Amino acid sequence: MSAAGKRVARGLDTPFEERLFQRVVLLVPLAGLALFFLYPLAIVIWRSLLQRDGAVGFGNYREILALDHLWRVVWNSMVMSGLTALICVSLGLVIAYAMSRSRIPLRWLVSLALILPLLAPSLVQALGLIFMFGRNGLLNYLTGMQMQIYGLPGLVIANSMYALPQAVMILAVALRYADRRQYDAALVLGASPWRRFVDITLPSLRFGLLSAGFVCFTVTITDFGNAAVIGGNYRVLASEIYAQVVGQMNFNMGAVVGILLLIPTLLAFYLEKVAAQRGGTQEGAIPVEPDRWAPRDIPLWAASYLTALFLIAIVAVVIFASFVQLWPYKMSLTLKNYNITTHGGYDPLWTSLYASLITATFGTLMLFALVLAQRKMSRGPARLVYLLAIIPVGVPGLVLGLSYVLSFNVKPVFPGILYGSALLIAFCNFYHYHSQGFLTMVTGVRNVPRQLEETVTTIGGGVWANLRDAIIPIMVPTLISVFFFLFMRGMVTLSAVIFLITPKLSVGAVSVMRLDQAGSSTQAAAFSVLIMLTVLAAMGLMRLLLLAQARYNGRPGKGEIAA
Amino acid sequence: MKNTISLLAGLALGVAALPALAGEITVYSALEEDEIAAYLERAAADMPDVTVNLLRLSTGDLGARLIAEAGNPQADVIWGFALTNMLNPAIYDQLAGYDAKGEDALGAQFRDKDGRWFAPTGYVGAFCVNTERLAQLGAPVPTSWEDLKNPAYKGEVVMPDPSSSGTGYLQIAAILQGAGDEAGWQLIKDIDPNMAQYTTSGSRPCRMAQAGEFAIGASLSYVAMQGIDEGYPIQMVIPSDYAGFELEANGLMASAKNPDDAKRFLDWTLGEGAAEAYAARKDLVTIPGVPRSPQAEKAGLPEDLSSVLFPMNFAASGEARDAILTKWRETVGR
């Protein structure tokens, strides 16, 4: 490390421009988190302390913890999310590995299959599962079996579909950066492929694996939608919130369960420790080229293809159902389901598109700024930022949505003016998925070699040159992954948004729910198909633009896992 | 990029920041999508100068929304909202007393003594019976809760969980009020072995029955009627022993920004135009002299509903709620 580099790293001689930049990239995202996450969360905490008798205290907590069925529900949740995380991380590793380290044929098809669960509303995916595996579903009908999908098995399958793409997104980013020289050296020393995997790949993936496991566990322990449709009698904690808030209209008790559900995010303390062991990517790392090796490739590919096939099949059933007269009794084909006359027709779809673009653009910028800031911070504050960024994943959508009503439906012009706007829906969706985006970004930025930045700084490049020449080129694939992830979730997320729509403003995911509530699952399927088409068209267009820009800049665009 | 964002932000806020205009009211409703469309069409014809901005959510979601908004209520009128939920103090306290025109024609049990709500319509607890699936099983069509004890239905009955669904609660309350505590709990216990699932949502059991996933779904009359309308092989059965029902209450929000038009709208919900619209589709109308709807007739509802309905005591069932739910967990244990 050069002397100048050391001085810069220690914050001496830092030019004003750079200090200003550091402030901005830290304070703007923090202000966003404070307003759109901490403030609503504080209100939830406050509500959880308001007792029935009007006093403030821990009475609600005592009451909830004394329920005899609570511990069974907690146990159910742990088993369900534990299984889901295990499946998603192992399967996610296999798929991400196959996609980035082997020359898997039909790579695009696997990529496409993996985004399907992100861009179909979860309600419809659960319907797809029931159409396929239900007691009166296709499979039982065709084979005469009596398979039981309701309960733990169905719940784990449905939640794995939801969590797997998120695991793959993080793991793919983690796998993307590695130094081929390490592998070459190991090869020269005679290490077997298995040893190279265990000694080089796995350690470099440790942070990615833990992050993916954390995300899968937390998003599924807080998710209520699948539990309601396919969980049968298998009660989980998230259904308890629903029962308290929606069933018994007992807000404060619901808030208590919401706060209890934050406990798994305490795991983040450990994650952060691992994150602090910075990535070891060296300056001028030579990317690992995908190669072929049959004994490894064949099982990896088989697992990837089977998973892809499964995901495609479920969505295919939904698409098929959208053209069916009356599933499963009149299977003749029709276009009538696409004639949507429910409140607002197709307008909500455009609102969704608009809000989701804001979610994705704003979110990607905020997260990128935050990781840039966090990278330069000293240990203690970095740790705080890290924890703050990671808590949102532990907040169930229902709780987040209600906390937004409590926080933003206020008389003062600010922030009251946001209530009832598409902007608030956009922000809500971003902060709902803040953690997943952040963890992906952190995984990506760990692989920007510090020496490279120092080199750029040493040769006189300022903040902008550093960003342009050192960080952004390496981060582009990660930025794109996060952008598309936020965009897709913004298009289909229902749980929180349902409390933010107004008579004049609704979104596509709500239309899907309405159609289903009005008794027409085939129309709900049809609307979902249109949402999926809209997302795919928008993503295709954005990719074309990126490609054109990359060509213009003379940089080849890299293929992404999430697009 | 930043300019674009601020431009978009401005657009987004513009939509939100419109003040309440004269002649516009905001109505929150839990009525069904298709009936709302029909009623509002009629309302627009009867009151051309009033624009109704309507937010439709399911009963549970709407209740949560109303409580969350209590600090700064947005609605002028609550229209067609389950009475049990309306009586929750967090919502009841937000209502203003208003004696709508025609309210005194309603029976005393269909309106609040302080004038905060009245209920011109309602719905009935009903079984959705999938006749195809039942035929495969070779089991008879059940006609009452007692019938559901038949072991032939093992694993084929679905009903809502009373702790998360108002519909489930109304069914349990009807059984307990009708049979008395001891016999009621015994009945619930006896049916339990046949129950495949206690669902979270109140309409889900009927949806499951209509998809042929289970043979019998205990749900509500309008959900069953929707299914029959869509063409599913569904038969609606109003249990002959303990048919619970729920009233759909209307009320004026104390904070209404446009109380005059809000009151006109409430008057309208009791008027001739609305009554005609109810007669075309509703299964339970409390306004005297309104004939049975064709849908209700097709679905097999009796001419005189009061002959099958068990007289529900809403206030009592609300107070007993916590105790009933606790006991239910103990009895059923799922």
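Visitor: Leaving aside its neighbours within four places in sequence, with which residues is Ala167(A) in contact?

Guide: This is a predicted model. A contact here requires C-beta atoms within 7 Å. With neighbours within four places in sequence set aside, the contacts of Ala167(A) are Cys88(A), Val89(A), Gly92(A), Ala212(A), Val215(A) and Cys216(A).

Visitor: Which residues touch the most other members of the largest nonpolar core?

Guide: The largest nonpolar core has 282 residues. Helix H8 (residues 152-176) of chain A gives the largest share of this core, 17 residues. The members that touch the most others are Ala167(A) and Val77(B).

Visitor: Between which domains of chain B does this core lie?

Guide: Both domains of chain B give residues to the core, so the core lies between them. They are domain 1 (22-121 + 246-295) and domain 2 (123-244 + 308-332).

Visitor: What radius of gyration does chain A have, against that of a compact globule?

Guide: The C-alpha atoms of chain A, taken along the principal axes, fill a box of roughly 70 × 60 × 45 Å. For 563 residues, a compact globule would have a radius of gyration near 24 Å. Chain A agrees with this, having 24 Å.

Visitor: What percentage of the residues of chain A count as buried?

Guide: Chain A contains 25 helices and 2 strands. Among its contacts between residues at least 6 apart in sequence, 82% join residues at least 24 apart. A residue is buried if 20 or more other C-beta atoms lie within 10 Å of its own. Of the 563 residues of chain A, the buried share is 52%.

Visitor: Which element gives the largest share of the side of chain A that touches chain B?

Guide: In chain A, 50 residues are in contact with 50 residues of chain B. The elements giving two or more residues to this side of chain A are helices H12 (237-247), H16 (347-375), H18 (397-408), H20 (422-432) and H24 (508-517). By class, this side has 27 nonpolar, 18 polar and 5 charged residues. The largest share, 6 residues, comes from H12(A).

Visitor: How many nonpolar, polar and charged residues has the contact of H16(A) with H24(A)?

Guide: The axes of H16(A) and H24(A) come within 7 Å and cross at roughly 145°. From H16(A), Pro348(A), Leu349(A) and Ser352(A) meet Gly508(A), Ala509(A), Val510(A) and Ser511(A) in H24(A). By class, this contact has 4 nonpolar, 3 polar and no charged residues.

Note on methods:
Residues are numbered from 1 along each chain as its sequence is written. Chains are lettered from A and ligands numbered from 1 in the order in which they are written. This is a predicted model: local features need pLDDT of at least 70, side-chain atom pairs count only at pLDDT 80 or more; totals for chains, interfaces and linings use all residues. A nonpolar core is a set of buried Ala, Val, Leu, Ile, Met, Phe, Trp, Tyr and Cys residues joined through C-beta atoms within 7 Å. A residue is buried if 20 or more other C-beta atoms lie within 10 Å of its own, exposed if 12 or fewer, and partly exposed in between; C-beta atoms are placed from the backbone. Helices (H or I, at least four residues) and strands (E, at least two) are DSSP runs, numbered from the N terminus. Domain bounds come from an automatic or database domain assignment. Two residues are in contact if their C-beta atoms, placed from the backbone, lie within 7 Å. The radius of gyration is taken over C-alpha atoms; the globule rule is 2.2 Å times the number of residues to the power 0.38. Ala, Val, Leu, Ile, Met, Phe, Trp, Tyr, Cys and Pro count as nonpolar, Asp, Glu, Lys and Arg as charged, and the others, Gly among them, as polar. Axes are lines fitted to C-alpha atoms, for helices over the stretch in contact, and angles run from 0 to 180 degrees between N-to-C directions.
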